[in-house]
Each structure stands twice: as C-alpha cells, then as structure tokens.
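Subject: Structure handover

Hello,

Here is the structure I promised to pass on. Please open it alongside this note.

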Amino acid sequence: MRLLIVGTLKGQLTTATKIAMENGATVTHAEDHEQAMRVLRGGKGADLLLVDVALDIRDLVMRLEAEHIHAPIVACGITNDARAAVAAIHAGAKEYIPLPPDPELIAAVLAAVANDSRELIYRDEAMARVVKLAQQIAGSDASVMITGESGTGKEVLARYVHTRSARAKRPFISINCAAIPEHLLESELFGHEKGAFTGAIARRIGKFEEATGGTLLLDEISEMDVRLQSKLLRAIQERVIDRVGGTKPVAVDIRIIATSNRNLVEAVREGTFREDLLFRLNVVNLKIPPLRERPADILELAQHFVKKYAEANGVPVRPISAEARRVLSTNRWQGNVRELENTMHRSVLMAQGDEIGPDAILTPDGDRLDLAKTVPAVAHATMAAEQVTRALVGRTVADVERDLILETLKHCLGNRTHAANILGISIRTLRNKLNEYSDGGIPITPAGTPGEYPRMPMVGA
C-alpha cells in the first residue's frame, strides 16, 4: 500500500503518517500539487492520495486526469466542516477525514483502498490443486500465466502469488490491457519523455519502472496490440525497456504475471497473439476452473460474502438456510465468483427473519434465482431457437455474423466489453467489425448507452 500525503496542516499529517506506517503503508510527502505530480511521474506511484482540503482538489483531479494517472483522493482538514467536506467530494475526492485523525478510521480507509478483504477463499479440491501449484512456484521469478473465465478470481490469485514471493514487500502493480486505448498503453507500460507526443508535458515513469523490484500484473494481455507485444517481448527477455521518445534503454527488475480469459493458443493461430510471447509468459500456467466445476467452493464463498456484506451494511450475520444452500449449489454461476458475490450482497440486504432463505437469493431484476428459468420460459426459448434456425437457411455466413454481432451489442446496451465476452471474441476484433459495418452505412449502437449493467464490489478478477 503506497500513500502520498499532499499538504502540511501544521503537523497534523505527521500523526496520519505514523498511523499509516503502523498499518503497513509506504508513505511519501508532497507540499503542493506540483511536487505531488513530480512524485507520481517519477515512478514512486501511489495507491491513495491524502490531500489537505485547503488545497485546490479540483485542480489536482484535473492534473491527474490529463496525465492519465489513476489514484483515489481522500481529503482531510483540521475542522469538521460539513461544507468543506461536501465541496471536496464534489471536486473529486472519494472521502473526507477530519483531523486530528482517528487511528481506526485511517486504518479502515487504507484497508479499503488496499482491498485487503480480497482473500483467496476455497475448499474444493479442484481449486486446491491450483493453489498448491501457486505455492510451489511463488518463491521463484518465473513468469506466470493465469487463465480462466471472467470473474473466477485471476487477479486475486496473482496477488496471492506475489505475497508469497521474495518480492512481497515490493510493489505489486496491475494494468488492465483491455481498458486502456492502444495509443496510450505503450506510454502506460514503458513511460515517456517530455515532448514525446502531444500532451507529454513532462517525463512520466511507466508501470515497468514503477514495479521494479516487485511484480507487474498484465491483466487481459490477449487484448494487447501485436505491435506492442513485440516491445513487451524484448522487455521480458532482456529486462530493459525504452521510454516513448527516449534515447537509451532503462534496466528493470520485475516478475511478470499475465492473465487472460481467452484461449491464447487459438489467438496465436488467428495471428492476434505472438507465439514467442506466449512461450515466454507461459512458464507456469495456473488455470482456474469455473465456479460450476468447483461446487465445494460455492457455499464456502457464499458464507464469506454474507459475513463481509453484513458487516459492511451494519446488519446481523444470518445463516444460509438449507433450501437457500440448495439453490446456490444448483445454479450454473455463469458470472463465476463475481456473480456469486453480487448475489450474496443482495441476499444480505433482502433477507428477513433469522435466516437467509431462497426468497432472498435473487437475480439483479429481483426474481428468485431458482424460479428465474421456469419450464414455460425454457419452452419459449426452444421454440424461438427453432424459428431462428429456420431463418438462417439461405443466408451467407457474413450476414449471419453481422446480425449476431449487432444484436448482441444492442442487448448489451452498446457496452463493447460485455458484447465481446458474450461473442467470445476480442474487443479489438469487435471494434474492427463495427468499423467495417459503420463504413458500409449500417447504424451501430453507440458506446456508453445509459443503463449499462450495475457494478458492485467484486472479489474475482
């Protein structure tokens, strides 16, 4: 956990620093915005910024956004001024803490940011075999590839490997290769020099240098552009990187862990992933089974989430009834651990009486999970499937593919990531298809359509 404290506040932040360090945080200080930005560009990085409310928080937020630096801000002040707190949150702060700081409050904020509650919970033998292999290789510097469906907990397992390695006290830096536009990902990974491109107002240290001595997690690496893959391969092989716009190589000392929810062997055949990079990354493969293939973990995780969200919402920890356990055990959990967590969060909020019964095990729409797929609904789906099959006769594969992609995108309310996951293709392939259709004059559901799926706190990756 890396904490950057911005401001002075007449020594009050010294107490906050002490509390943070007692809770395992590495603390860096900056007197103002300029110094804070220099620290962040310089590679020290921060998981949380604790900022004096008297400073211009909106200006700091805008600076961070302009340079694509992502770190939550918590404002703090020596007076318990409600207006100051509201103004700080409106400006972009996630929370407000009055000073002098309460030790338990500071500790809670640090724990929330560090996400220490993301424990590796398992009981099933299938998962136990994966964890045993993770324990065996954790102490080495071998590159690790973690594969599995979305929501199975790939990032949680990556952190588990890091915390049991010789690098455990060094940084664990994660970057989602699918979430960052291609033209920015290279700079995020390798950093850039001042003036390297429009908007590069100062030298910026990338994730490779930021992770030096520790572990770098390349999440969803299958979505990385092939051109950038070649530069990544050189960095892994030679342990040196080139900043964008730089003139000399920079040595790095990191361990690489990569994750993917796609079949990378197929991606190699399709030409979207380099075979030599796959060989370099896949020294050890930790394949996480989907939740439906490790049934003993379902109830273990369900009980863990009940306790977690009961405490978070200030409600009693209710046991799960026998009938509710049957409902949980027989569900397919297509969204894996992430779906189960969200379901149990709802159950904690909806449960009545002394137990969590089946009436509290609900879908996001509020239907009982065990009644959501009734026999009439299955019959209707079967009839609809037969009609669709008959309608395919006489059409070209390209036409059918186009309609499938466009209807799936419409179903996902324009959300490209959801649509790509459902279709089983990369986000890049989906974008190329949509560009092709758009060039042909076909209307495309716009990205970011209001009403996208709600998001809840997640344990899985």
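Below is what turned up, from the whole chain down to single residues.

First, a caution: this is a predicted model.

**The chain as a whole**

The protein chain has 461 residues, and 45% of them are buried. It holds 19 helices and twelve strands. Look at contacts with a separation of 6 or more: residues 24 or more positions apart account for 71% of them.

**The annotated aspartate**

An unreviewed UniProt entry carries the annotation "modified residue: 4-aspartylphosphate" at Asp52. That label comes from the record. In the model, Asp52 sits in strand β3, residues 48–52. Asp52 counts as buried because its relative accessibility is 9%, and buried means under 20%.

Next, helix α6 (residues 125–138) and helix α7 (residues 154–163). Their axes come within 8 Å and cross at roughly 35 degrees. The crossing is right-handed. On the α6 side, the contact uses Val130, Val131, Ala134, Gln135, Ile137 and Ala138. On the α7 side, Leu157, Tyr160 and Val161 take part. By type, these residues are eight nonpolar, one polar and no charged.

**The largest nonpolar core**

The largest nonpolar core has 30 residues. Which of them touch the most other members? They are Leu189, Phe208, Leu216, Leu218, Ile221 and Leu281. Several elements give two or more residues to this core, among them β7 (172–176), α8 (182–190), β8 (215–219) and β11 (255–260). Helices α11 (264–270) and α12 (275–281) are also on that list. The largest share comes from α10, with five residues.

Phe208 deserves a look of its own. Leave aside its neighbours within four places in sequence. Phe208 is then in contact with Leu189, Phe190, Leu216, Leu232, Ala235, Ile241, Val252, Ile254 and Ile256.

**Two buried loop residues**

Ser143 is found in the loop between α6 and β6 (144–147). Is Ser143 buried or exposed? Ser143 is buried, because its relative accessibility of 6% is under the 20% limit. Beyond its neighbours within four places in sequence, Ser143 contacts Ile256, Arg280, Leu281, Val283 and Val284.

Ile320 lies in the loop between α13 (295–313) and α14 (322–330). Ile320 is buried too, with a relative accessible area of 8%. Not counting residues up to four places away in sequence, Ile320 touches Ala302, Gln303, Val306, Arg325, Leu328, Met344 and Ile356. Ala360 is 40 residues from Ile320 in sequence, and their C-alpha atoms are 9.9 Å apart.

**Two positive phi angles**

Which residues have a positive phi without being glycine? Asn336 is one of them, with a phi of about 60 degrees. Leu413 is another, also at about 60 degrees.

Asn336 is in helix α15, residues 336–350. Asn336 is buried, with a relative accessible area of 0%. Leu413 is in the loop between α17 (397–411) and α18 (416–423). Leu413 counts as partly exposed, because its relative accessibility of 27% falls between the 20% and 50% limits.

That is the handover.

Best wishes

Definitions and conventions
Residues numbered from 1 in each chain as written. Predicted model: local features only at pLDDT ≥ 70, side-chain atom pairs only at ≥ 80, totals over all residues. Heavy atoms only, no water. UniProt positions renumbered as here; feature names shortened; annotations may be inferred. Helix = DSSP H or I, 4+ residues; strand = E, 2+ residues; numbered from the N terminus. Buried < 20%, exposed > 50% of the residue type's maximum accessible area, 1.4 Å probe, protein only. Axes fitted to C-alpha atoms, helices over the stretch in contact; angles between N-to-C directions. Left-handed = near helix turned anticlockwise from the far one by under 90°. Contact = heavy atoms within 4.5 Å. Nonpolar A, V, L, I, M, F, W, Y, C, P; charged D, E, K, R; others polar. Core = buried A, V, L, I, M, F, W, Y, C linked by side-chain atoms within 4.5 Å.
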